[in-house]
Amino acid sequence: MVNVMGAHTDYNDGFTLSANIDKEMVFAVAINKTDKGRVYALDLKDSHEFNVDYFEQSDKAWANYILGMVSEFRKHGKIIGGFDCVFASDIPIGSGMAASAAIKCGIGFLLNELFNLELSNLDIAGYATKVENEYIGVGSGIRDQFNNLFARTSHFMKLDCLTLNHEYIETDFSNYRFIIFDSQVKSDRRLQIFETRRKECQQGLKIIKRYFPEVKSLRDVKPDTLLKCKDDMEPELYWRCKFVVNENIRVLKSVEDLLKNRTEAFGQKLFESQMELKRDFQVSCAEIDFLIDEVTKNNNVLGARMIGAGVGGCTLNMVKDYDREEFISGIQKRFKKKFRKNLLVYKIKIVRGSGKLT
């Protein structure tokens, strides 16, 4: 999954533009007629076994996403039996491509099918978001989970994270392709910074509500409304709120650009989003800044921005198809020279969300 536009808007009840990509997490699962859940993570060469009727959190981070989903099923009266599961993935961990959503939604989808729980994809997305918020303890929004279950091949999805109304926009960019550069920066401070930014947005919203009580969330705030509250905010709170307000507007205008085939205007908004992520939300890093600076110099790049929560991870780049090989090799050489490590590159396609393999 990539958040094409709409960073940090989801947990502020805002708008997002996202897509599912051909990085997969594949599960094989079967009923084992016991009261045990036995799960093996093939890539990690690690396993976890638990009683499906009673269990505690694990010291293994990956296992807690599965335990959380089983716990959420039970809270809603959906009882499952024992099962065996093995899974593998080519989604880079910590890259900003929502591997955690893939494991939660994947196991939720499969257990729903396996035990005939009669849950909708919307139910599963909601359960998976509660797991992230309450079981794992990360205050993220529903975007990643919703995209995982509702994404369509060759389409972006615009999502209203408050109402869950969503719209599909066909991606037909002729000579342009999407390429992801993976900086391989996986900061230990990512979650800490994410939670700090979320709280800063909440603090800013409280100040806005003093003057505009009709405001329910930052999605309701217009730039001029925010400006009227600036003098009563700490500078950091103002800049965080300003980014979210602008980003919501950018999502809506990006959809207009795509529907009206204004490809260049859409690409420019990718660059604008990245500039404000760095300047106003302050979630960039040296490697990401380097990658963005490099592609900005290239006329064959229509737009680029970081994906995920920031502080490392990847950049999404919209590049002219015919020139991409030369473009990629040049970036890789300069990145390795500066940071003494390889730049990973993924040439992606936009595909559907969770489903059965046939």
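**Notes on the predicted model**

1. Let's begin with Glu195, which touches Gly137, Val138 and Gly139 once residues up to four places away in sequence are set aside. Please keep in mind that this is a predicted model.

2. Where does Glu195 sit? Its place is in helix α5, spanning residues 190-211. Glu195 counts as buried because its relative accessible area is 17%, and the cut-off for buried is under 20%.

3. Helix α4 is worth a look too. This helix covers residues 143-150 and is mostly covered, with 8 of its 8 residues buried.

4. On to the nonpolar cores. The largest has 71 residues, and Leu17, Phe83, Phe156 and Ile180 have the most contacts inside it. Another core, of 46 residues, lies apart from that one and includes Phe181, Leu205, Val215 and Val221.

5. Is Ile249 buried or partly exposed? Ile249 belongs to helix α7 (residues 235-259), and it counts as partly exposed because its relative accessibility is 30%. Between the C-alpha atoms of Ile249 and Pro223 there are 9.6 Å, while the two residues are 26 apart along the chain.

Key:
Residues are numbered from 1 along each chain as its sequence is written. This is a predicted model: local features need pLDDT of at least 70, side-chain atom pairs count only at pLDDT 80 or more; totals for chains, interfaces and linings use all residues. Side-chain values use heavy atoms; hydrogens and water are left out. Buried means under 20% relative accessible area, exposed over 50%, partly exposed in between (1.4 Å probe, protein chains only). Helices (H or I, at least four residues) and strands (E, at least two) are DSSP runs, numbered from the N terminus. Contact means heavy atoms within 4.5 Å. A nonpolar core is a set of buried Ala, Val, Leu, Ile, Met, Phe, Trp, Tyr and Cys residues joined through side-chain atoms within 4.5 Å.
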